[in-house]
Amino acid sequence: MCKISNPNAPPCKTEGINIETSSTTLSSVTSVKESSKSDEDIYVSTGIEGLDEILGGGFIRGKTYLIAGETGAGKTIFSLQFLIHGALKGEPGVYLAIDEPTEHLLKGIRRFGWTIVDKLIKERKLLFLDMRTHFSRLYLRDEKLRIEPKFLINQILRNVDRIGAKRLVIDPIAPLMYGSSSEDVLYAREFLREMVFAIEKHRDVTTIMTSEIPTGSKRLSRFGVEEFLATGIIMLSLEEIKGRIYRVMFIRKARWSPVKPSKYVFEIVPAKGIVLKGPYEKFVSE
């Protein structure tokens, strides 16, 4: 075997293949590899018409995104639209319901007009998990226990593997750190950091975490670390514009994407989901 110990030494040969050590050659190889990747290899579609173009291709595959907003702003609809769209494209998804029993969630989904969800569940393209049912060890005699992050992470990843999921939604993220209080923020932050890193290393799973924001609050999350771990942050809100209430999407952070912080007005349409209506400035200036 030919070993290179001196970067200035002439190229050596192994089985007729020249091994070049110059930075020019290495960068050329990297460029070829990157150029051979299609957009579908790099990005996953959000399922919201027009948003992928705004983000420069969609969500980066295998990364974590935070959807933050007050009650009724559309966080759950955004998350479900992301999962259903992916399932229809052959990318199975897992929905981890933290605050709401899955049977209630599914009834709401059907009433909304997304009846396709039953077919997708039957075909193992969607999996809905109830926190209390599937993670019962976290709830013992209603006592708050400090559970090792690895247990919860392994349970999540085991269910991801059950259907070969490529998309994951945790709705919402804060109560998942059961037993974490405002006095125990450091524990919660390390818990969440370990979980996000483990999921991002696993099977190129693209994850949405939702975060509830109290009306009028400027915070993006409960523990103050979710936004730093996320590759992108999208805030959903209800705003009054010239006497009318509009739903507004604020793209606050989009790491590695050619998009500046920007706002868009949107509607929630039954059986379709979130529909972008145009830039925020258009509605302010009308």
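**Close-ups of a predicted model**

F78 touches I48, L51, F59, I67, I208, I234, L236, M249 and I274, leaving aside residues up to four places away in sequence; contact here means heavy atoms within 4.5 Å. This is a predicted model, so to speak: local features need pLDDT of at least 70, side-chain atom pairs count only at pLDDT 80 or more, and totals for chains, interfaces and linings use all residues. Residues are numbered from 1 along each chain as its sequence is written, and side-chain values use heavy atoms, with hydrogens and water left out.

**View 1. F78 and the largest nonpolar core.** The largest nonpolar core holds 41 residues, and L51, F59, F78, F128 and M249 have the most contacts inside it. A core here is a set of buried Ala, Val, Leu, Ile, Met, Phe, Trp, Tyr and Cys residues joined through side-chain atoms within 4.5 Å. Helix α4 (residues 75–88) gives the most to this core, with seven residues. Helices (H or I, at least four residues) and strands (E, at least two) are DSSP runs, numbered from the N terminus. A second, separate core of 32 residues includes L66, L127, M131 and I156.

**View 2. The F59 and F78 rings.** Rings of Phe, Tyr and Trp (its six-membered ring) pair if their centres lie within 6.5 Å; planes under 30 degrees apart count as stacked, over 60 as edge-to-face and the rest as tilted. By this rule the count comes to six aromatic pairs. In one of them, F59 and F78 have ring centres 6.4 Å apart and planes at 25 degrees, so we call the pair stacked. F59 sits in strand β4 (residues 59–60) and F78 in helix α4, so the pair ties together parts that are 19 residues apart in sequence. F59 is buried at 0% relative accessibility, and F78 is buried with a relative accessible area of 0%. (Buried means under 20% relative accessible area, exposed over 50%, partly exposed in between, with a 1.4 Å probe and protein chains only.) Ring pairs also link F59, Y65, F78 and F82 into a cluster.

**View 3. Strand β7, covered on both faces.** Five of the five residues of β7 (residues 126–130) are buried, so the strand is largely enclosed by the rest of the structure. In a regular strand, side chains alternate between the two faces of the sheet. Here L126, F128 and D130 are buried on one side, and L127 and L129 on the other. Strand β6 (residues 93–97) pairs with β7 in the parallel sense over five bridges; two strands pair if DSSP finds at least two bridges between them. Y95 has F128 of β7 as its bridge partner.

**View 4. Helix α8.** This helix (residues 149–162) has 14 residues and reaches 20 Å from its first C-alpha to its last, close to the 20 Å expected at 1.5 Å a residue. The expected span is 1.5 Å times one less than the number of residues. Its buried residues include F151, L152, I156 and V160. Just after α8, G164 takes a positive phi of about 65 degrees.

View 5. A cis peptide bond joins D171 and P172, with omega about -10 degrees, and P172 lies in the loop between β8 (167–171) and α9 (185–200). R124 is a residue other than glycine with a positive phi, near 60 degrees; its place is in the loop between α6 (116–122) and β7. R124 is partly exposed, at a relative accessible area of 45%. K242, likewise not a glycine, has a positive phi near 55 degrees, and lies in the loop between β10 (232–241) and β11 (244–254). K242 is exposed, at 56%.

**View 6. K263 over two rings.** The charged end of K263 sits over the ring of F250, 5.8 Å from its centre. K263 also lies over the face of Y280, at 4.9 Å from the ring centre. The rule asks for NZ of Lys or CZ of Arg within 6 Å of the ring centre and within 35 degrees of the ring normal.
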